[in-house]
Amino acid sequence: MGAIHRADSRESVVARLLELLREAHSNGVELVVFPELTLTTFFPRWWIEDQDEIDTWFETEMPGPATRPLFEEAKKLGIGFHLGYAELTVENGATRHYNTAIIVGKDGNLIGKYRKVHLPGHAEHRADKPFQHLEKRYFDIGNLGWPVWKGFNGVVGMCICNDRRWPETWRVMGLKGVELVVLGYNTPDSNVYHYEPVHLRQFHNHLVMQSSAYQNGTWVVASAKAGREDGFGLIGGSCIIAPTGEMVAKANSEDDELITATVDYALCEYIKEHQFNFAAHRQIDQYGLITSRTGAVVETEN
Ligand code: CDT
């Protein structure tokens, strides 16, 4: 997806999604992957004090009035889709805000929902910075783990943006036999904490997804927002990665653009049965620290 500005309405975004959906359908596509927080600008870059105003960036129902046309058209065309959005919900009497994604099947029924676990950025206002990254202020940590579902002739899972940088994300799904991970992302072209050249940000984006695809024997479909939203750049670089770690399709624009690939699940077996045959080679008695310790502690043997 190209840029979505602060003033752009959800209706105008959905009109763009519908165009992509129809183009995808005419290309024989079965599943379309839209980005993280598809329906609005990447609002965590803005400091907002008033909770009522913050809540205007969230969806209280899915589908809602603005998104229903997308669900209806997809069902009519018989095409599935993945959509990231900000979810406002009430759980056990408490209001919750999640960075959420769903997969909808070709029959229009919900296949699954995921809520982002690894929220990046900060919670406080950094007034000295040109933009903010306030996911830790605006969202609660996802509480659904990393489920996988049967769908699109394989085993499908999701993660969202910063989750893709963490090997734990992928290994949990890998241990559940995932064959296709779909994810959306909004990665600013500059780092909010320290200088980093754009080429390095794009390199890290692809590096983590290509290595994770290979290490877990899964296809990856990664859908970015790109271009400059109200002057703030996003790296884009949407791509489709095979279980060998090879990139088989990549966006070459910063606008709305369809890229496609045919997913051959036999390639998952090739990796899962040989190099990353978990049952044959994993040594779980050596991995305890991964779930018992959060931060690194220098702990030498001498
Ligand atoms: N949306 C999102 O998760 N973006 C992060 C940026 C991290 S920099 C604070 C990412 O991993 O791309």
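## A strand covered on both faces

Strand S8 has cover on both of its faces, with Trp219, Val221 and Ser223 buried on one side and Val220, Ala222 and Ala224 buried on the other, where buried means under 20% relative accessible area, exposed over 50% and partly exposed in between, with a 1.4 Å probe and protein chains only. Because 6 of the 6 residues of S8 (residues 219-224) are buried, this strand is largely enclosed by the rest of the structure. S8 pairs in the parallel sense with strand S7 (residues 180-185) over 6 bridges, and Trp219 in S8 is the bridge partner of Leu180. Pairing requires that DSSP finds at least two bridges between two strands, while helices (H or I, at least four residues) and strands (E, at least two) are DSSP runs numbered from the N terminus.

## Basis of the model

This is a predicted model, in which local features need pLDDT of at least 70 and side-chain atom pairs count only at pLDDT 80 or more, whereas totals for chains, interfaces and linings use all residues. Residues are numbered from 1 along each chain as its sequence is written, and side-chain values use heavy atoms, with hydrogens and water left out.

## The open sheet

An open sheet with mixed pairing is formed by 4 strands in the order S1-S2-S3-S4. Strand S1 (31-33) and strand S4 (110-115) stand at its edges with a single partner strand each, so one side of each has no neighbour in the sheet. S3 (residues 94-104) pairs with S4 in the antiparallel sense over 5 bridges, and Val104 has Leu110 in S4 as its bridge partner.
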